[in-house]
Amino acid sequence: MSGTSTPTSGVTAAPSVRKEGAPPRGGTGGGRRRRDFTTRRGLVVAAFMAPAAVFVALFTYYPMIAGSQMAFRNWNLTDLTDTSWVGFKNFREVFTDPAWGTVLGNTALWVVGSIVPQLVIGFALALWLRRRFRLRGLYQALIFFPWAISGFLIGILFRWMFNSEFGVVNDLLQKAGLIDEPVAWLADPDTAMIAVLVANVWYGVTFFAIMILAALQSIPDELYEAAALDGAGKARTLFRITIPYIRVTLVLTVLLRVIWIFNFPDLIFGMTGGGPNDETHIVTTWMIKITQQGDYGKASALGLLVVAVLLVFATFFLTATRERGGGRRGAGRGGKRGVRA
Amino acid sequence: MIGKETTAGRAAKFTFLGLWLVFSLFPLYWITVTSLKDPGDIFSFPISYWPENFSLENYQGLFGKADFGTYLVNSLVVSAVAGAVATAISTLSAYVLARFEFRSKSALLMAFLVTQMIPSFIALGPLYLLMTDLQLVDNRLGLMLVYIAVCIPFCTVMLRGFFENVPDALEEAAMIDGLSRLGALIKVLLPVMRPGIVAAFIFNFVNCWNELFLSVTLMNSDENKTVPTALNGFISSFNIDWGSMSAAAVLTILPTMVLFAFASRHIVQGLTAGAVKG
């Protein structure tokens, strides 16, 4: 079990070399003193790492690993008399569930429909925030506020705004003459999906804006000056200089957000609860619902599927991270200091 | 772009920025206005965009009939303790990961990173069973322990970035002067890194404060509920009382907004450094 192996592996990792090559301390330290010093370093590493490793192993990895075997068992809280091994029955139940197709379609729509507007609007904001103007700092602080709110509460805020009778969205759209009758947004699966996407775009644009702005600020002005001398227009400059230069940051940010949005049931949970009739569930909200119903076997099967998909994405992501090794020109400040694996 | 701006370009830019600002702030404005309306006015036509009959009744109701004060205290205690402990533990691990090379380092980093890709709610069921075995279900200490584990990986990655910005010479000098490694860390490094550590704590606190699924699963008695669990109870009822709901939402959002405003610069730095939001 990883619960005990992680911290001990820290202990056995005694010979810890100093980062930038161990300087010869005192010059004539001699072998004995040197060894003493390195084992002490090993102890420091083990002692300092142990608490973090124990917590993560016990409360994060242990349930995950223990849970994965439930996927192959008949494990239902409502009836614990029979927890026998059932092979792939739970997986079959997932795939043959009438909701499965809808859930998959919604998940794809949720990821793509959130990412694309977030990226486009976030990019535009970053471009426009690049040049200093008065109160720019205040502006950035204000548009950062949605980030302080939990996805669940955002769901609740938008649930109220999209309320069919007393919702402010209907009122504004009617005042603008865009609709004649109030729309029961959250009562119809199609409009409900639009509503949750609007909420998620509202929430996620800031992250893109921040990451892209950081990358934009790493582009040297000379490139733009040269482009201007060559008579390049705005569109040409954007596609020939700006986008290629921050390409790596863009790719990494998008990949990271795909993983994160895929994993983000909170907003839908708060806004529609997966309804009406379970038609706005994404994979993760559906999994939570099944867990709450006590069918841990089926929920674990779904969990394993999620983990499998995420591992593929994560591998893809980390490979992309590694590709931009030292001195690559594309990495902006935001990108260069991305996840260091 | 960085070239010359035309007047029309400027006008377009500020129009767009202005519209986005309005769109960004409107939901917050709206929930606040709703919470300050007289409960009867919330469900009346035409919809008013200002609390015509300003009233604190929604707030009073929360503390009278719903016992919201208990939930706030629970959330505050759990988030503050878990956030602080996670920050302390992560400071140690981040320090080691920033300053030492050792064989299992990349494996440990990978193990932390994977937890950021795989959501904490993936193993809700097994976690519930584990906590039952430990007799920590419906127990604030139990929730704290789980939250500490959830916070540690990202917090470690974030703090490691901050440590790497501080030269090693600092603690080496202190150790030559006779301080132990832990002593040098506490007396010399931590004061230098205080802004980063405060930001890490705030980030942890806000994450715990906002966490829903673990607390819904693990806490069930009314006296132990955290705010998100209580809000989940509010929306699960057949008829949502939007008056108390909006007041509760405002009270939940307010502390996190204040904290974020306070530390947003460092959090942005941590985000672009760690690049993963936990």
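Contacts between residues 24 or more positions apart account for 74% of the chain B contacts with a separation of 6 or more. This comes from a predicted model. Chain B has 12 helices and 0 strands. Buried residues make up 49% of its 278 residues.

**Overall form**
- The C-alpha trace of chain B spans about 75 × 65 × 35 Å along its principal axes.
- Read along the sequence, the pattern of chain B is α-α-α-α-α-α-α-α-α-α-α-α.

**Annotated transmembrane regions**
- An unreviewed UniProt entry gives the annotation "transmembrane region" to residues 12-31, 71-96, 108-129, 141-163, 184-206 and 242-263 of chain B.
- Residues 12-31 of chain B are 100% helix and 0% strand, and their end C-alpha atoms lie 30 Å apart.
- Residues 71-96 of chain B are also 100% helix and 0% strand. The end C-alpha atoms of that span lie 37 Å apart.

- Chain B is divided into domain 1 (7-55) and domain 2 (60-274).
- The C-alpha centres of domain 1 and domain 2 of chain B lie 32 Å apart.
- Domain 1 of chain B brings 6 residues to the contact, and domain 2 of chain B brings 6 residues.
- On the domain 1 side, helix H1 (7-36) and helix H2 (39-42) of chain B each supply at least two residues.
- H1(B) gives the largest share of that side, with 4 residues.
- By class, the side of domain 1 of chain B that touches domain 2 of chain B has 3 nonpolar, 3 polar and no charged residues.

Notes
Residues numbered from 1 in each chain as written. Chains lettered and ligands numbered in written order. Predicted model: local features only at pLDDT ≥ 70, side-chain atom pairs only at ≥ 80, totals over all residues. UniProt positions renumbered as here; feature names shortened; annotations may be inferred. Domains from an automatic or database assignment. Contact = placed C-beta atoms within 7 Å. Nonpolar A, V, L, I, M, F, W, Y, C, P; charged D, E, K, R; others polar. Buried ≥ 20, exposed ≤ 12 C-beta atoms within 10 Å, placed from the backbone.
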